[in-house]
Amino acid sequence: MPVRVLPQDLGADGRVTPGTVLRGVDLAAAMPAMRHARGRVVTVSLDRMDFFCFPPVGRALLFKCRVNQAGRSSMEVGVRVEAEDLATGEVRHTATAYATFVAMGPDGKPAAVPQLLPETPDEERRVREALERRALRKAERGRTAGEPFPGDIAPPTGPGRSPEASRTDMPVRMMPWHANPAGNVHGGVILLNMDQAAAMAAMRHAGLAVEAVSVQGVSFLAPGRVDEVLTFRACVERARGPLMDVGVEVMAENLVTGESRRAAEAWMVYRGLDAHGAPGDAPALIPGSAQELERWREARRRGEARDAERARERDSQAGAPASPGD
Ligand SMILES: CC(=O)SCCNC(=O)CCNC(=O)[C@H](O)C(C)(C)COP(=O)(O)OP(=O)(O)OC[C@H]1O[C@@H](n2cnc3c(N)ncnc32)[C@H](O)[C@@H]1OP(=O)(O)O
């Protein structure tokens, strides 16, 4: 699915925003999932993903998607995002993402999807790798906060800034154009706003311009509805050199009934940039309360898990062909 980068997709630095890429991933990946399920689907999660480049205006963003694996009601869709310079034909890898969708029945509950039957060795490899990722996701969901992990160390102390100093609360009222015909807010709209709030929190902490490095994970917990207010609450949870781990929680609030629920959560990593656009160190982040300490530890654990995953990917990709949805 090619999409031209337009001025409204750009950040202050003249490059496409990470939120635009994330919104495109969600929109594009939903289509093969719907095709496979032949019915309504919702995004339930987005795995860890790295951003390799953010193209400027006029480039085309290409979203190459395929269903890698289907469970009972869920499907993993792999997305390879590329940026094409339409004038020269040069194509650059922008990001690779794995999104999980769940098919929904008319009763609003998860519905069974057809089996996905691999026919080639490449498709068999995709299923195998997707099953490994599915097991990792399940283990992650089953984790209890506070569990020790290998390499666990004490958090920093001394001069620095508190997580609370970076807190950014961004309320957005959901309008019909944010939602599908059933009135449920699109995952892409949520992802776009998550990036906005997280980038503001990172800038507040660092006192610098920032750029997104990666998404550590996104979970969609409950649907957001038209006319509700979604508040995107972001806070820096850990800082190391120029890098900042930012947690985002999305609360959905019905202003008429007063009902409120957690709709989504995400963890993203940003890098501080100095006046010349080179990486610039952020101040140390000093967790104070028990909850801040817990968030710092979890951010550290996610960072270590990501490093281990990168090493695994490097091993498995050595020799494997690069193709859509890799
Ligand atoms: C296209 C769009 O833009 S949609 C908008 C954004 N998304 C949303 O609003 C969805 C909000 N989330 C929800 O409503 C709920 O989480 C649901 C209905 C999707 C799932 O509810 P659950 O109570 O988790 O359902 P349940 O436990 O039966 O799990 C259903 C499937 O989802 C999988 N699943 C659940 N949570 C996750 C997760 N975080 N990551 C990956 N897979 C998950 C389960 O493994 C199961 O898969 P399987 O049937 O293939 O074995």
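## Helix α2

Helices (H or I, at least four residues) and strands (E, at least two) are taken here as DSSP runs, numbered from the N terminus, and helix α2 is where R133 lies. The model is a predicted one, in which local features need pLDDT of at least 70, side-chain atom pairs count only at pLDDT 80 or more, and totals for chains, interfaces and linings use all residues. Residues are numbered from 1 along each chain as its sequence is written, and side-chain values use heavy atoms, with hydrogens and water left out.

Helix α2 covers residues 121-142, and its 22 residues should span 32 Å at 1.5 Å a residue, the expected span being 1.5 Å times one less than the number of residues; the end C-alpha atoms are 32 Å apart, which agrees. The buried residues of α2 (under 20% relative accessible area, with exposed over 50% and partly exposed in between; 1.4 Å probe, protein chains only) are R125, R126, V127, E129, A130, R133 and R137.

## Surroundings of R133

R133 counts as buried, at 13% relative accessibility. Leaving aside residues up to four places away in sequence, R133 touches D47, N68, E76, Y98 and R126, where contact means heavy atoms within 4.5 Å.

The charged end of R133 sits over the ring of Y98, 3.6 Å from the ring centre; the criterion requires NZ of Lys or CZ of Arg within 6 Å of the ring centre and within 35 degrees of the ring normal.

## Aromatic pair

Rings of Phe, Tyr and Trp (its six-membered ring) pair if their centres lie within 6.5 Å, and planes under 30 degrees apart count as stacked, over 60 as edge-to-face and the rest as tilted. The count by this rule is one aromatic pair. The ring centres of F51 and F54 are 5.1 Å apart and their planes are at 40 degrees, so the pair is tilted. F51 is buried with a relative accessible area of 9%, and F54 also counts as buried, at 8% relative accessibility.
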